[in-house]
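Visitor: I would like a close look at one part of this model. Please take it step by step.

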Amino acid sequence: MKPPSLLSLAIDSALLNIAYITDLSNIPEPILLELFLKTLSAGKLNERVLKMFMATGSEEILSEIQALNIQHIVMPVLPTRCSEKF
């Protein structure tokens, strides 16, 4: 049995801590794409993580998002009745 590589251990560690990562801009594109795909398969892609991946500007990531038709969740702004008394 072959032991895991240092790269695969680093990607797995980043996946476990994806909620605490704030910037992905310094990660090379092949590693970034693998992290994105593993994030998808692990079910850890949420709105904040999606924005973080999109902020990298990686063409491969953006094309994957478009191919999978992943869209932002638009939260509607509901009007309030601040001027009226109930």
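Leaving aside its neighbours within four places in sequence, which residues is Leu15 in contact with?

Guide: A word on the source comes before the answer. This is a predicted model, where local features need pLDDT of at least 70, side-chain atom pairs count only at pLDDT 80 or more, and totals for chains, interfaces and linings use all residues. Residues are numbered from 1 along each chain as its sequence is written, and side-chain values use heavy atoms, with hydrogens and water left out.

Now to Leu15. Neighbours within four places in sequence aside, Leu15 is in contact with Leu35, Lys38, Thr39, Ala42 and Lys44. Contact means heavy atoms within 4.5 Å. Leu15 is found in helix H1. Helices are DSSP runs (H or I, at least four residues), numbered from the N terminus. Leu15 has a relative accessible area of 12%, so Leu15 is buried. Buried means under 20% relative accessible area, exposed over 50%, and partly exposed in between, with a 1.4 Å probe and protein chains only.

Look at the rest of H1. Ser8, Ile11, Ala14 and Leu15 are buried there. They cover an arc of only 125° around the axis, so they lie on the same side of H1. The arc is that of the directions from the helix axis to the C-beta atoms. Exposed Leu6 and Leu16 sit on the face of H1 turned away from its buried side. The buried residues of H1 pack against H2.

How do the two helices meet? The axes of H1 (residues 6-16) and H2 come within 10 Å and cross at roughly 50°. That makes H1 oblique to H2. Axes are lines fitted to C-alpha atoms, for helices over the stretch in contact, and angles run from 0 to 180 degrees between N-to-C directions. Angles under 35 degrees count as roughly parallel, over 145 as roughly antiparallel, 65 to 115 as roughly perpendicular, and the rest as oblique. H1 gives Leu7, Ile11, Asp12, Ala14 and Leu15 to the contact, while H2 gives Ile31, Glu34, Leu35, Lys38, Thr39 and Ala42.

Thr39 deserves a stop. Thr39 lies in helix H2 (residues 29-42). Thr39 counts as buried because its relative accessibility is 0%. Thr39 and Leu15 are 24 residues apart along the chain, yet their C-alpha atoms are separated by 6.3 Å. Beyond four places in sequence, Thr39 is in contact with Leu15, Ile18, Lys44, Leu45, Val49 and Phe53.
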